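The sequence and structure come first, and the description follows.

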Amino acid sequence: MRRIDLIVIHCTASRPDQSISFEKLDKMHQARGWKCCGYHYYITRDGQLHIGRPEEMVGAHARHYNAHSIGICYEGGLDEKGHAADTRTPAQRHAMIALLRSLKEDYPDAEILGHCELEGVHKACPCFLPSIEYQHLQPTTWQEDHK
Ligand SMILES: [Zn+2]
């Protein structure tokens, strides 16, 4: 297994009236020439967790960070007008925290950050700040540094 010290959260940057099923996302990513969905996990609006690719496989979701990270994406991220917004449904929030808790058991040293929180990234994705929302799940060393 490769070393994982980072979990990166993304959104599809889609509006509430656009539906992006896992199958559709998988096809979109294959159309870019990738083997399969670039994220390891995908959470649709209904809270369903889909496995995009196995954890041991390097993802295709955050340039320069893929080798040592796991990528999670939720369906949404734009409001009706197309503005960046945290549109996670209660079911998505629930699925996300459950997934993060389980990943932390396997990778206790992994930091949890949003795509927008990575150095050199100028995007709104995932339209909320995982470093703050999931502060209690960050590694102990991280929590000490951010006191
Ligand atoms: Zn992203």
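At a relative accessibility of 0%, P130 counts as buried, where buried means under 20% relative accessible area, exposed over 50% and partly exposed in between, with a 1.4 Å probe and protein chains only. The model is predicted, and local features need pLDDT of at least 70, side-chain atom pairs count only at pLDDT 80 or more, and totals for chains, interfaces and linings use all residues. Residues are numbered from 1 along each chain as its sequence is written, and side-chain values use heavy atoms, with hydrogens and water left out.

P130 is placed in helix α3; helices (H or I, at least four residues) and strands (E, at least two) are DSSP runs numbered from the N terminus. Not counting residues up to four places away in sequence, P130 touches I9, I112, L113, G114, E117, Q135 and Q138, contact meaning heavy atoms within 4.5 Å. A110 is 20 residues from P130 along the chain, and their C-alpha atoms are separated by 13 Å.

Helix α3 also holds S131. S131 counts as buried because its relative accessibility is 11%. Leaving out residues up to four places away in sequence, S131 touches I112, L113, E117, Q138 and W142. The side chains of S131 and E117 make a polar contact, that is, a pair of N or O atoms within 3.5 Å; within protein, one must be able to donate a hydrogen and the other to accept it, and residues adjacent in sequence count only if both atoms are side-chain atoms.

| Residue | Partner | Distance |
|---|---|---|
| S131 | E117 | 2.5 Å |
| H10 | H61 | 3.0 Å |
| E55 | Y41 | 2.4 Å |

H115 and C125, 10 residues apart, are both in the loop between β5 (111-114) and α3 (130-133). Both H115 and C125 are buried.

H10 has its place in strand β1. With a relative accessible area of 1%, H10 is buried. Beyond residues up to four places away in sequence, H10 touches Y39, H61, A62, I72, C73, Y74, H115, C125 and P126. H10 and G38 are 28 residues apart in sequence and 11 Å apart in space, C-alpha to C-alpha.

C125 is joined to P126 by a cis peptide bond, with omega about 5°. P126 lies in the loop between β5 and α3.

### The largest pocket

The largest pocket has a volume of about 280 Å³. On a 1 Å grid over the protein atoms alone, a pocket is an open set of points where a 1.4 Å probe fits, with protein on both sides within 12 Å along at least five of seven lines, and lining residues have an atom within 4 Å of a point. Grid points are joined across faces, edges and corners, and a volume is the space filled by probe spheres set on the points.

Its lining has 15 residues, of which C11, H29, R32, Y39 and K123 lie nearest the centre of the pocket. The elements giving two or more residues to this lining are β1 (6-11) and α1 (22-31). The most comes from α1, with three residues.

### Loop residues

A13, in the loop between β1 and α1, has a positive phi of about 55° although it is not a glycine. At a relative accessible area of 45%, A13 is partly exposed.

H64 is found in the loop between β3 (49-51) and β4 (69-74). Its phi is positive, about 75°, although H64 is not a glycine. Is H64 buried or exposed? H64 counts as exposed, at 67% relative accessibility.

E55 lies in the loop between β3 and β4 and counts as buried at 14% relative accessibility. Neighbours within four places in sequence aside, E55 is in contact with M1, R2, H40, Y41, I70, L103 and Y107. The C-alpha atoms of E55 and E133 are separated by 23 Å, and the two residues are 78 residues apart along the chain.
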